[in-house]
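Student: I would like to go through this structure one question at a time. Please show it first.

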Amino acid sequence: MKHTFSVLVENKFGVLARVAGLFAARGFNIESLAVSPTNDPTVSHMTIVVDAPDERILEQIKKQLNKLVDTIKVQDLTTEDFIDRELVLVKIAVDAKIRPQILEIAQSLEAKIDEAAANAVTLEVVGDKNKIHTLLQLLKTFEIKEVVRTGRIAMSRK
Amino acid sequence: MKLSGAKILIESLKKEGVEVIFGYPGGSVLPIFDVLYDNPIKFILTRHEQGAAHAADGYARATGKAGVCLATSGPGATNLVTGIATAYMDSIPVVAITGQVKTHLIGNDAFQEADVTGVTRPITKHNFLVKDVRELAQTIKNAFHLAQSGRPGPVLIDLPVDVTMAETEFHHPKEPDLRGYRPTISGHPGQIKKAARLILQSKRPIIYAGGGVIISGASQELKKLADKASIPVTTTLLGLGCFPQTHKLSLGMLGMHGTAYANHAIMESDLIIAVGARFDDRVTGRLDAFAPEAKIIHIDIDPSAISKNVEVDIPIVGDARNILSQLNKIVKPVQTKKWLERIDGWKKKSPLSYKKDDKLRPQYVVEQIYELTKGEAIICTEVGQNQMWAAQFYQYTKERTYISSGGLGTMGYGFPAAIGAQVGKPDSIVFDIAGDGSFQMNIQELATAVANKLPVKVAILNNCYLGMVRQWQELFYKKRYSFTCLANPDFVKVAQAYGARGIRVEKKKDVTPALKQALSVKDAPVVLDFIVEKEENVFPMVPAGEAINRMIGGMA
């Protein structure tokens, strides 16, 4: 099951290595990780998405995250109501026939379009995980040249 | 007045109550050693940085205070690593200070450079790289607070040489500054009430006590609980001494080489009260067969220790002494007469035993050390058979008298740890019960003990084997003794060459006189080379992966 953690940490060198180390030491792959400053310059925010093959080990990681001296707050958003967003850039190979189809998809998902290249269109989509999933499903049949994602950021609604 | 980083370090250590530093000099710590040259703080020069780390750990275990070790950058620091990992696994407050190359050279593969905060990240409670001398005093305050509070553990401070040379105003901070660190101390009152109710309902309760009881100073409260509710007590290896083994409710140690009666009792119990213990695999044996009928109350200061290995019914997070004293106020006597009778049956049927004949058996040596010291000595051990016999055949009645690397199982730990213990407890009799293999891993520390006139007694149970590995090879690998047979030096001559006393004992009747002779030496280490039965085994034994009541050997 996928878990989304929202973690407040000290804005210091080495903190990311400590957090990442907890997952790495147990052989867990982090699916996405977004780190950014907050309104408090001494605090950073991390959104960590991880697919847990073993819930018990994940529970252990959660406790270990809390135990880190540099973590200020850990929330497992999975069990909460939360807002999540991700920005995705997708470059699709196009010809005269495909271009209108891509533009139609872009319109339906309110994507920004970059048409600078002659044989490719780049879409910029912002959305929650469902919207991003829909986008990637819709583009599946086309020739995707490159996908770059920011990784999910998330915040509890409370 | 402005002070250099090196002076700030030493002044801060003194403010933290540090009386002794164990360490080894080198290029990156020259400014620190220059301050130590004419400073009243005591410095013990070991002969290897690993010895310094273990000595700081042994000092901490014997005294309850934080132990401090100091080493230079690169190899000096990496030599501390095994000692730091040892302290980490057993939750021992050690503050390790390492030199580092100049800040502008970090990451340049400079001479004697190693990424020591990177290397020690997973084996320290926390570590710091100080890049600005103005942060040094607060960092040291934070380090000592972290090392000694909550679940204690080693903390490392990496100090670039330019930081120790730079100057700034010195103000010793009163408080740590760690907003993300808030260990839970007092247990939840609702959980404590639930625990008291569950105890009252139980018919076959058992207390399973670990090193956390000693760390929190909860021995008296534990004894009160056992006495008041008539509950038998078994301890882990690191819990030895937290409950007097001479007490009628004592079951001794449980687990892979525990007593048969402790293992039977925990397997048949209907309630386990775990205090400051973590259900290690050497204790539980096969997990899915462990104590099938037992409900579990788990008292521990570390939330991540709870429900890690076994599911817990009533977790109580907090300081053991605090929680037990709350619990003792409301706990009621339990009818355990029948249960204690059943346990007594096991005690009579399967006591710890070994063959009593004319041969010089290692268990006999341990028993004689107990007899002659009346259980008042501090017993340090190496790792392997010596460690288990020291646990089985000496009756521990006081906390901080059994000092051993439990979690990491570090060979070579015992002797430097004994040096640290002797420095911290100069009036105590300190033994290192050793194997011929382990002792050779830090034998160079004989020079440290001699130079400091430390009367540590090293009792080598010399069987010319890596005995525990040989035992496994005998039992599970068809006696194929692959590289476990040791060609040893003459330990008596080695001792003498270092300026220590050396005594060889080859006959059973000579054990007591030799020990008496060793005990009369007050100003030098004594190496006792006991030539014991070569293929003696540690029994009982639970084979790896078996349920802990499936013991082999040693059953009368």
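Student: In what order do the elements of chain A run from the N terminus on?

Tutor: This is a predicted model, and what follows is computed from it. The secondary structure of chain A comes to 4 helices and 9 strands. From the N terminus on, the order of these elements is β-α-β-β-α-β-β-α-β-β-α-β-β.

Student: What percentage of the residues of chain A count as buried?

Tutor: The C-alpha trace of chain A spans about 55 × 35 × 30 Å along its principal axes. Among contacts in chain A with a separation of 6 or more, 74% join residues 24 or more positions apart. To count as buried, a residue needs 20 or more other C-beta atoms within 10 Å of its own. Of the 158 residues of chain A, the buried share is 25%.

Student: Are H1(A) and H2(A) roughly parallel or roughly antiparallel to each other?

Tutor: Helix H1 (residues 15–25) and helix H2 (residues 55–67) of chain A have axes that come within 10 Å and cross at roughly 160 degrees. Angles over 145 degrees count as roughly antiparallel. H1(A) and H2(A) are therefore roughly antiparallel.

Student: Which residues of H2(A) do A:Val19, A:Leu22 and A:Phe23 meet?

Tutor: H1(A) passes H2(A) in a right-handed crossing. A:Val19, A:Leu22 and A:Phe23 are in H1(A), and the residues they meet in H2(A) are A:Ile61, A:Gln64 and A:Leu65.

Student: Within what arc do the buried residues of H10(B) fall?

Tutor: Helix H10 of chain B covers residues 219–229, and its buried residues are B:Ser219, B:Glu221, B:Leu222, B:Leu225, B:Ala226 and B:Ala229. They line one face of the helix, because seen down the axis of H10(B) they fall within an arc of 165 degrees.

Student: Which residue just after H10(B) takes a positive phi?

Tutor: The buried residues of H10(B) are covered by elements of chain B including helix H8 (189–201), strand E9 (205–209) and helix H13 (320–330). Just after H10(B) comes a phi of about 55 degrees, and the residue that takes it is B:Ser230.

Student: Is the crossing of H10(B) and H13(B) left-handed or right-handed?

Tutor: The axes of H10(B) and H13(B) come within 9 Å and cross at roughly 30 degrees. That angle makes the two helices roughly parallel. Residues of H10(B) including B:Leu222 and B:Leu225 take part in the contact with H13(B), where the partners include B:Leu324 and B:Leu327. H10(B) passes H13(B) in a crossing that is left-handed.

Student: And is the crossing of H3(B) and H4(B) left-handed or right-handed?

Tutor: Helix H3 (residues 49–63) and helix H4 (residues 75–89) of chain B have axes that come within 7 Å and cross at roughly 30 degrees. H3(B) and H4(B) are therefore roughly parallel to each other. Where they meet, H3(B) contributes residues including B:Ala53 and B:His54, and H4(B) contributes residues including B:Gly76 and B:Gly83. H3(B) passes H4(B) in a crossing that is right-handed.

Student: Which residues does B:Ala459 touch, leaving out those up to four places away in sequence?

Tutor: The largest nonpolar core has 179 residues, and B:Ala459 is one of those that touch the most other members. Leaving out residues up to four places away in sequence, B:Ala459 touches B:Val365, B:Ile369, B:Phe431, B:Ile433, B:Ala434, B:Leu528 and B:Phe530.

Notes:
Residues are numbered from 1 along each chain as its sequence is written. Chains are lettered from A and ligands numbered from 1 in the order in which they are written. This is a predicted model: local features need pLDDT of at least 70, side-chain atom pairs count only at pLDDT 80 or more; totals for chains, interfaces and linings use all residues. A nonpolar core is a set of buried Ala, Val, Leu, Ile, Met, Phe, Trp, Tyr and Cys residues joined through C-beta atoms within 7 Å. A residue is buried if 20 or more other C-beta atoms lie within 10 Å of its own, exposed if 12 or fewer, and partly exposed in between; C-beta atoms are placed from the backbone. Two residues are in contact if their C-beta atoms, placed from the backbone, lie within 7 Å. The arc is that of the directions from the helix axis to the C-beta atoms. Axes are lines fitted to C-alpha atoms, for helices over the stretch in contact, and angles run from 0 to 180 degrees between N-to-C directions. Angles under 35 degrees count as roughly parallel, over 145 as roughly antiparallel, 65 to 115 as roughly perpendicular and the rest as oblique. A crossing is left-handed if the near helix is turned anticlockwise from the far one by less than a right angle, and right-handed if clockwise.
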